[in-house]
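Let us walk through a structure step by step. Keep the sequence beside you as you read.

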Amino acid sequence: MAQNIFLKPFYFIRHYRFKTTVIDGKSIANKILKDLKVAVQEHTDKKHRAPTLTAIIVGDDPSSKIYVKNKVKTAHFVGIKTEVLNFPDSISETKLIKTIQVLNSTKEVDSVLLQLPLPSHINPNIYELISPEKDVDGFTSANFGKFCLDKETIIPCTVLAVQKILQEINIDFTGKNALICGRSKHVGLPIAMLLHSNFKNAVKGFNANTIICHRFTPVDQLTKFCQNADVVITATGVPSLIRGYMVKKGSVIIDVGISRIIDPQSLKNKIVGDVNFEEVKEVAGFLTPVPGGVGPLTVAMLLQNTFTIARKRNP
Ligand SMILES: NC(=O)c1ccc[n+]([C@@H]2O[C@H](COP(=O)([O-])OP(=O)(O)OC[C@H]3O[C@@H](n4cnc5c(N)ncnc54)[C@H](O)[C@@H]3O)[C@@H](O)[C@H]2O)c1
């Protein structure tokens, strides 16, 4: 009993000395969107047509539909015109290829978004057929290759969202330890490029000592890397992957993950990230929530990319 009395204050100090700043991604995104709306208005005032974004959805994935609906709604707010092409799961690859080719050659289409995931009978590399100049997600080899070589190009939206959050926090990560959980070609890998690099052109790299973990990383290794990391960026879709005991005091934790779970208390659907928010907010210095963290910024960056492309196409 006596031991508990002495341990309690230390527990308090360890867990409450850092007042965690929860980063409000929505309000950062709103500021970007307001500025973008003004810029789009100025563009159209000069008699240019409104920028356009065409989204292709294949199948009935409810998350994809919600994401695209959200992108469309936000695009309308900033003055970007949208078109959504909904195809059934059964669409043939040939028809999808034809659709992309038509969009590539349509003058009024500025940018093309192919919402992932795609059904298994469609080659996932089909997005390579999107014209690089209209590839708003920056996923084609042409754009991704330029990104990796620090050349001006279209940068994936999650990379821009993470960059924006780190710029807001304004900590110099040069020589500091970064951990990226997830190595997908569209999310984890490009974010790792951002963190480790000394890029200076289309994005600014963070010069961090960067470790990438993935599904084959043993949990004890993940824990060790995490405990040593000054910044953790996680994009796995594994709820509660990052627990409070794994996090270094005062570190920066950015949660890109999005998962739908059934809340054990309310038994209702709930959106969560990869981070156990309640535990980690007692230890981290900065933390992004899910929802309301990286997600709204990713949408804002998608629309910023759309406008950049439109301006290039209609200078
Ligand atoms: N917030 C946003 O705007 C945004 C944008 C895109 C994707 N996402 C979300 O980010 C997450 C990742 O997306 P994705 O497209 O890269 O998914 P993905 O399934 O392609 O990749 C998941 C990655 O996580 C890794 N992984 C799986 N289990 C792991 C574990 N136990 N430990 C460490 N790594 C593990 C895998 O190796 C893989 O590299 C998803 O939840 C997705 O919904 C969010």
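Start with Tyr 245, which sits in the loop between β7 (231-234) and β8 (252-255). Helices (H or I, at least four residues) and strands (E, at least two) are DSSP runs, numbered from the N terminus. Tyr 245 has a relative accessible area of 46% and so counts as partly exposed. Here buried means under 20% relative accessible area, exposed means over 50%, and partly exposed lies in between (1.4 Å probe, protein chains only). Now look at what Tyr 245 touches. Leaving aside neighbours within four places in sequence, Tyr 245 is in contact with Thr 223 and Gln 227. Contact means heavy atoms within 4.5 Å. Glu 279 is 34 residues away from Tyr 245 along the chain, and the C-alpha atoms of these two residues are 8.0 Å apart.

Before going on, a word on the model. It is predicted, local features need pLDDT of at least 70, side-chain atom pairs count only at pLDDT 80 or more, and totals for chains, interfaces and linings use all residues. Residues are numbered from 1 along each chain as its sequence is written, and side-chain values use heavy atoms, with hydrogens and water left out.

How confident is the predictor? The term pLDDT is its confidence in each residue, from 0 to 100. The protein chain averages 94, and 94% of the residues score at least 70. Among the elements, strand β5 (residues 177-181) has the highest mean pLDDT, 99, while helix α1 (residues 2-16) has the lowest, 39. Over residues 1-16 the pLDDT stays under 50. For that stretch the model has 5 contacts beyond four places in sequence.

Next comes the ligand. Which residues come nearest to the ligand? Of the 18 residues around it, they are Arg 183, Ser 184, Arg 215, Ile 258 and Thr 298. A residue is near a molecule if one of its heavy atoms lies within 4 Å of it. Sort the shell by class, and you find 7 nonpolar, 9 polar and 2 charged residues. In this scheme Ala, Val, Leu, Ile, Met, Phe, Trp, Tyr, Cys and Pro are nonpolar, Asp, Glu, Lys and Arg are charged, and the others, Gly among them, are polar. Helix α10 (residues 294-313) gives the largest share of the shell, 3 residues.

A ligand nitrogen is 3.1 Å from a polar backbone atom of Val 256. The protein covers 74% of the 860 Å² of accessible area that the ligand has on its own. Such areas come from the Shrake-Rupley method with a 1.4 Å probe.

Finally, check the backbone angles. Most residues other than glycine have a negative phi, and most peptide bonds are trans. Lys 47 is not a glycine, yet its phi is positive, about 70°. Lys 47 is in the loop between α2 (25-45) and β2 (52-58). Its relative accessibility is 75%, so Lys 47 counts as exposed. Asn 207 also has a positive phi, near 55°. Asn 207 is in the loop between α7 (188-196) and β6 (209-213).

The bond from Leu 116 to Pro 117 is cis, with omega near 5°. The bond from Val 290 to Pro 291 is cis, with omega near 0°. Pro 291 lies in the loop between β11 (286-287) and α10.

Technical notes: pLDDT is the predictor's confidence in each residue, from 0 to 100. A polar contact is a pair of N or O atoms within 3.5 Å; within protein, one must be able to donate a hydrogen and the other to accept it, and residues adjacent in sequence count only if both atoms are side-chain atoms.
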